[in-house]
Amino acid sequence: MSAVPSGFSEPAQDQPVDASTVASQLRLEPAQSDPGRSPSPARKAQVARELMRILPQGSVLWREEHLRPYECDGLTAFRQMPMLVVLPASEAEVIEVLRCCHRLEVPVVARGAGTGLSGGAMPHAAGVVLSLARLNRIVHLDPHARIARVQPGVRNLAISEAAAPHGLYYAPDPSSQIACTIGGNVAENSGGVHCLKYGLTVHNVLRVRALSIEGEVLECGSEALDSAGLDVLAALVGSEGMLAVVTEVTVKLVPRPQLARVVMASFNDVIKAADAVAMIIAEGIIPAGLELMDRRTAEAVEPFVRAGYDLQAQAILLAESDGTPEEVEEEIARIERILNDAGATAIRVSQSEPERLRFWSGRKNAFPAAGRVSPDYYCMDGTIPRKHLGRMLGDIAAMENTYQLRCMNVFHAGDGNLHPLILFDANDADQWRRAELFGAAILERCVDYGGTVTGEHGVGMEKINSMCVQFSPAERASFFALKKAFDPVGLLNPGKAIPTLARCAEYGRMHVHRGKMPFAALERF
């Protein structure tokens with residue numbers, strides 16, 4: 001749960017907020033000084049005053065030093081200071097905030113833990129960041145029905161911790177699960193290393209309670225097998241806060257398997273490892289997890305977590321089997337046979353639960369480990385059919401030469417979800433330019449292979465140009481139609497995910513300069 005920054009004090013709720021005070025505290029970045037985007041001091045004072053009237057003291061942040069932590073999410077290359085940040089503690093307070101912002105025509109960007117990697121929670125310069133961190137209660141956990149009803153600020157891992165005494169857990173497990181929130185998971189349709197067998201967030205959410213920009217309550221889904229009315233649950237999951245603000249989520253819990261073991265295989269060629277993935281799936285085996293890392297990733301991770309990776313191998317493949325001891329033994333034997341046939345140079349099978357967790361720890365810490373070998377990294381998130389994994393790895397190697405940048409490759413190999421980590425130095429403008437081009441080339445190649453430009457990290461600001469490559473004008477128009485049906489005035493997370501016709505026309509000529517977005521990137525529609 002995010003606390004109000006220490007030392008913050010506000011005028012009493014019955015005292016007016018002085019416009020000049022707000023203006024002096026909220027100094028703008030030079031890139032934000034365009035009067036077409038930045039609100040006037042009087043406007044900031046007006047919005048702050050209205051929000052302070054409906055929220056308890058300490059729930060509205062307006063000083064620059066308190067806004068700074070909210071200027072970006074996990075994709076730090078995209079930054080924008082918000083006008084204000086609000087920290088409601090109940091659904092009733094969220095409703096009042098939305099009604100106020102709708103009346104005043106203030107853009108609203110909902111935010112969870114800020115661990116997203118696509119710039120989806122980057123603020124609007126003239127808008128309010130609506131932090132849901134204080135809505136962090138597990139409302140109800142029913143071990144018999146195997147469900148949990150939680151508020152959006154509940155951490156992903158906290159659900160499994162609460163369900164553990166009942167032998168249950170919540171299956172989607174993003175690498176950031178210790179910090180990321182279920183509300184953010186719903187916004188991005190998050191996955192994790194076990195999504196091959198247990199599905200993404202959309203497959204594990206039964207019901208969502210959300211609020212429209214007008215503060216109207218929307219109920220989507222049901223704890224039953226079916227629900228009345230239109231089925232728009234799947235539209236809300238993955239909508240990146242553009243349609244509604246989630247205030248409660250009902251998730252499925254699954255029984256913890258009796259046993260889980262991991263096969264760790266080394267390969268002297270990454271394409272052989274990729275081909276082994278296709279062979280396992282073709283055999284009719286659906287592992288609980290099936291992940292691939294190249295040598296550069298293993299070399300970065302091993303000193304960080306000491307997982308026991310073979311640093312002489314060109315690729316490491318992790319395949320997990322879970323179930324009863326008999327099921328696991330039989331499946332592990334089949335996986336080992338396939339890996340040998342595929343040319344694995346070494347195979348190890350976890351012999352204990354600590355060893356299994358250690359094998360996985362390297363994969364789950366690949367992103368932070370990248371920080372040990374490079375000042376910055378740019379994490380991509382495309383998907384391709386599994387049969388093209390080997391070709392895609394070869395393409396990325398060629399792109400390293402083209403753009404003269406290194407890349408660590410980490411894949412949810414079982415479902416073709418790629419997470420190449422492009423290594424660069426953000427202090428070098430040319431390196432950032434090349435990293436952008438490298439990333440765009442990877443996503444375009446994903447589309448060429450019949451895949452998509454995003455798997456689980458969302459579109460946000462990062463991939464909005466790449467959406468021009470994948471979707472036609474007619475398809476993008478249908479996206480906007482859905483957006484308008486939920487948010488007619490376009491105040492919820494404006495300028496994200498769906499590119500305008502004008503933006504697509506400019507694709508290839510618009511580039512981020514030192515993390516500051518051009519005005520066109522902040523278009524509502």
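User: How many disulfides does the structure hold?

Analyst: The model is a predicted one, and it holds one disulfide.

User: What makes the pair cysteine 468 and cysteine 504 a disulfide?

Analyst: Their sulfur atoms lie 2.1 Å apart. The cut-off is a pair of cysteine sulfur atoms within 2.5 Å, so cysteine 468 and cysteine 504 qualify.

User: Why is this disulfide called left-handed?

Analyst: The reason is the torsion about the S-S bond of cysteine 468 and cysteine 504, which is about -85 degrees, so the disulfide is left-handed.

User: Which parts does the pair tie together?

Analyst: Cysteine 468 belongs to helix H17 (residues 467-470), and cysteine 504 to helix H19 (residues 501-506). The pair therefore ties together parts that are 36 residues apart in sequence.

User: Why are helices H2 and H4 called roughly antiparallel?

Analyst: Helix H2 (residues 41-54) packs against H4 at an angle of about 150 degrees, and their axes are 10 Å apart. Angles over 145 degrees count as roughly antiparallel, and H2 and H4 are therefore roughly antiparallel to each other. Their crossing is right-handed.

User: Which residues of H2 and H4 meet, and how do they divide by class?

Analyst: From H2 come Arg43, Gln46, Val47, Glu50, Leu51 and Ile54, which meet Glu96, Val97, Cys100, Arg103 and Leu104 of H4. By class, this contact of H2 with H4 has six nonpolar, one polar and four charged residues.

User: What is the relation of H15 to H16, and why?

Analyst: Helix H15 (residues 389-403) and helix H16 (residues 429-448) pack at an angle of about 155 degrees, with their axes 10 Å apart. As angles over 145 degrees count as roughly antiparallel, this makes H15 roughly antiparallel to H16. The crossing of H15 and H16 is right-handed. H15 contributes Met392, Asp395, Ile396, Met399, Glu400 and Tyr403 to the contact, while H16 contributes Arg434, Leu437, Phe438, Ala441, Ile442, Arg445 and Cys446. The residues of the contact of H15 with H16 comprise nine nonpolar, no polar and four charged.

User: What makes E5 and E9 edge strands?

Analyst: They belong to an open sheet of five strands, in the order E5-E6-E10-E8-E9, with antiparallel pairing. Strand E5 (138-142) and strand E9 (217-221) each pair on one side only, and they are the edge strands. On average, neighbouring strands of this sheet are turned by 10 degrees against each other, direction ignored.

User: How do you know that E8 and E10 pair?

Analyst: Pairing requires at least two bridges; strand E8 (residues 205-211) and strand E10 (residues 245-252) have six, in the antiparallel sense. The two strands therefore count as paired. Leucine 211 stands opposite valine 245 in E10.

User: Which helices pack on this sheet?

Analyst: Helix H4 (residues 91-104) touches E8, E9 and E10, and its direction makes about 50 degrees with that of E8. Helix H5 (residues 156-163) touches E5, strand E6 (147-150) and E10, and its direction makes about 45 degrees with that of E5.

User: What is the order of the open sheet of four strands, and which are its edge strands?

Analyst: The order is E1-E2-E4-E3, with mixed pairing. Strand E1 (60-61) and strand E3 (108-111) are the edge strands, as each pairs on one side only.

User: How do you know that E2 and E4 pair?

Analyst: Strand E2 (residues 84-86) and strand E4 (residues 128-131) run parallel and are joined by three bridges. At least two are needed, so E2 and E4 count as paired. Leucine 84 has valine 128 in E4 as its bridge partner. H2 lies across E1, E2 and E4, running at about 10 degrees to E2. H4 also packs on this sheet, touching E2, E3 and E4, and its direction makes about 165 degrees with that of E4.

Technical notes: Residues numbered from 1 in each chain as written. Predicted model: local features only at pLDDT ≥ 70, side-chain atom pairs only at ≥ 80, totals over all residues. Heavy atoms only, no water. Axes fitted to C-alpha atoms, helices over the stretch in contact; angles between N-to-C directions. Contact = heavy atoms within 4.5 Å. Parallel < 35°, antiparallel > 145°, perpendicular 65-115°, else oblique. Left-handed = near helix turned anticlockwise from the far one by under 90°. Nonpolar A, V, L, I, M, F, W, Y, C, P; charged D, E, K, R; others polar.
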